[in-house]
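Please find below a note on the structure under review. The points are numbered so that each may be taken up separately.

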Amino acid sequence: MPKLKLLSKGKVRDIYALPDEKDADKLLFVATDRMSAFDVIMNNGIPQKGATLTELSLFWFHKLRNVIPNHVLTPSLEGASPAALNGATAWEEFPRSLDEYRDQLEGRSMIVKKCEVVKIEAIVRGYITGSAWSEYKKSQTVHGIPMPAGLVESQKLPKAIFTPSTKADLGDHDENIHPDKVKDICGPELAAEIERVALALYNEAAAYALERGLILADTKFEFGLLDTPNGKQLILIDEALTPDSSRYWAAADYEAGKPQPSFDKQYLRDWLIKENLKGKEDVTLPEDVVAETKSKYEEARDRVMGRGKFAAKK
């Protein structure tokens with residue numbers, strides 16, 4: 001898209017400046033089909049992944065806007081029904097200066113407020129799994145937080161816990177940290193607000209997901225600080241509760257004491273580990289792994305949004 005200025009290229013999302021000068025306080029977020037695991041981008045992507053992530057993020061931004069404001073400007077979330085939050089119906093809201101790139105942008109992009117990014121990955125865990133389980137087995141802690149004795153893999157925690165990590169630049173690795181260290185990064189008041197909001201977002205989302213037959217085991221939120229006449233306002237940014245940033249399990253199949261099949265990139269991570277490719281560069285995913293990953297992402301979206309065979313029965 002040569003007429004658009006690329007500002008940042010992440011593992012999955014590309015961020016552009018909008019072509020009109022009047023939009024200098026806005027950004028164009030584009031979710032690509034790139035696939036990353038263990039902080040490495042695969043050679044090939046997952047078809048339509050960017051559209052799936054965008055649609056699910058917009059659904060959650062809309063649903064959780066009562067908890068905290070978010071960065072989405074276009075498509076408008078005000079008064080929108082979740083079903084209307086897709087690229088095909090929303091494209092008319094985008095500036096006409098983007099029309100020549102419609103085939104690349106439609107369904108996988110949003111226009112957002114420009115803000116200062118808080119350098120924290122706000123991870124919330126309701127179940128003990130993944131890196132948290134690995135740490136617990138060694139030290140009976142999670143992110144340095146002492147945990148009850150006798151927990152088993154995938155067990156539901158007595159209550160959801162805030163387990164942040166640093167937000168690394170591209171090419172670096174995020175580092176799990178104790179919640180107290182967030183105070184050193186962004187000050188005690190903001191740290192407390194981030195923890196409060198992250199837990200509130202998780203608890204509301206987890207309760208809704210469970211109604212849809214999904215367990216939200218853990219998730220990651222990102223926040224920004226927006227300049228307002230009344231000072232800086234904390235807002236939810238980036239993505240929300242997608243299979244890229246969250247661990248979803250089927251409630252009907254849940255059984256504590258072992259790993260759970262999940263609707264996220266854990267399937268891909270497991271394949272990489274099995275093939276001794278964890279953290280390796282120059283990995284091309286075989287067609288069957290691409291197809292299975294795509295299927296898992298789309299099923300998570302359809303379950304959450306009540307689509308297709310997961311539509312609510314009347």
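1. The model is predicted, and the values given here should be read accordingly. The domain assignment divides the protein into domain 1, covering residues 6-113, and domain 2, covering residues 116-265. Between the C-alpha centres of domain 1 and domain 2 the distance is 22 Å. Each domain supplies 26 residues to the contact.

2. Buried area. Domain 1 and domain 2 bury about 2300 Å² between them, and carbon and sulfur atoms account for 67% of this area. On the side of domain 1, the residues that lose the most area to domain 2 are W60, L64 and I68. Together, W60, L64 and I68 make up 26% of what domain 1 buries.

3. Polar and charged pairs across the interface. Two salt bridges are found between domain 1 and domain 2. A salt bridge also joins the side chains of R13 and E239, with an N to O distance of 3.0 Å. Eight residue pairs, with both residues at pLDDT 80 or more, are in polar contact between domain 1 and domain 2. Helix α1, residues 49-63, contributes eight residues to the side of domain 1 that touches domain 2, the largest share of that side. Sorted by class, that side of domain 1 holds 13 nonpolar, six polar and seven charged residues.

4. F61 in helix α1. What is the relative accessible area of F61? The value is 1%, so F61 is classed as buried. F61 belongs to helix α1. With residues up to four places away in sequence left out, F61 touches N70, H71, V72, L77 and M110, and also L236, I237, D238, E239 and A240. One of these contacts, E239, is the residue whose side chain meets that of R13 in a salt bridge.

5. T54 in helix α1. Helix α1 also holds T54. Its relative accessible area is 4%, and T54 is therefore buried. Apart from neighbours within four places in sequence, T54 is in contact with A31, G107, R108, S109 and M110.

6. Is S139 buried or partly exposed? S139 has a relative accessible area of 39% and is therefore partly exposed, as this value lies between the limits of 20% and 50%. S139 lies in helix α4, residues 130-139. The side chain of S139 makes a polar contact with the side chain of T141 at 2.6 Å. S139 and L73 are 66 residues apart along the chain, and their C-alpha atoms are separated by 44 Å. Q140 is placed in the loop between α4 and β10, the latter spanning 141-142. Q140 is likewise partly exposed, with a relative accessible area of 37%. The phi angle of Q140 is near 60°, which is a positive value in a residue other than glycine.

7. L241. A positive phi is found at L241 too, near 55°, again in a residue other than glycine. L241 sits in the loop between β15 (231-237) and β16 (246-250). Because the relative accessible area of L241 is 0%, L241 counts as buried.

8. The peptide bond between T74 and P75. This bond is cis, with omega at about 0°. P75 is located in the loop between β6 (72-74) and α2 (87-90).

9. T293 in helix α8. T293 is part of helix α8, residues 287-305. With a relative accessible area of 1%, T293 falls under the 20% limit and is therefore buried. Which residues does T293 touch, not counting those up to four places away in sequence? The contacts are M35, I46, Y267 and L268.

Notes. Residues are numbered from 1 along each chain as its sequence is written. This is a predicted model: local features need pLDDT of at least 70, side-chain atom pairs count only at pLDDT 80 or more; totals for chains, interfaces and linings use all residues. Side-chain values use heavy atoms; hydrogens and water are left out. Domain bounds come from an automatic or database domain assignment. Contact means heavy atoms within 4.5 Å. Buried area is the accessible area (1.4 Å probe) that two parts lose on being put together, summed over both. A salt bridge is a side-chain nitrogen of Lys or Arg within 4 Å of a carboxyl oxygen of Asp or Glu. A polar contact is a pair of N or O atoms within 3.5 Å; within protein, one must be able to donate a hydrogen and the other to accept it, and residues adjacent in sequence count only if both atoms are side-chain atoms. Helices (H or I, at least four residues) and strands (E, at least two) are DSSP runs, numbered from the N terminus. Ala, Val, Leu, Ile, Met, Phe, Trp, Tyr, Cys and Pro count as nonpolar, Asp, Glu, Lys and Arg as charged, and the others, Gly among them, as polar. Buried means under 20% relative accessible area, exposed over 50%, partly exposed in between (1.4 Å probe, protein chains only).
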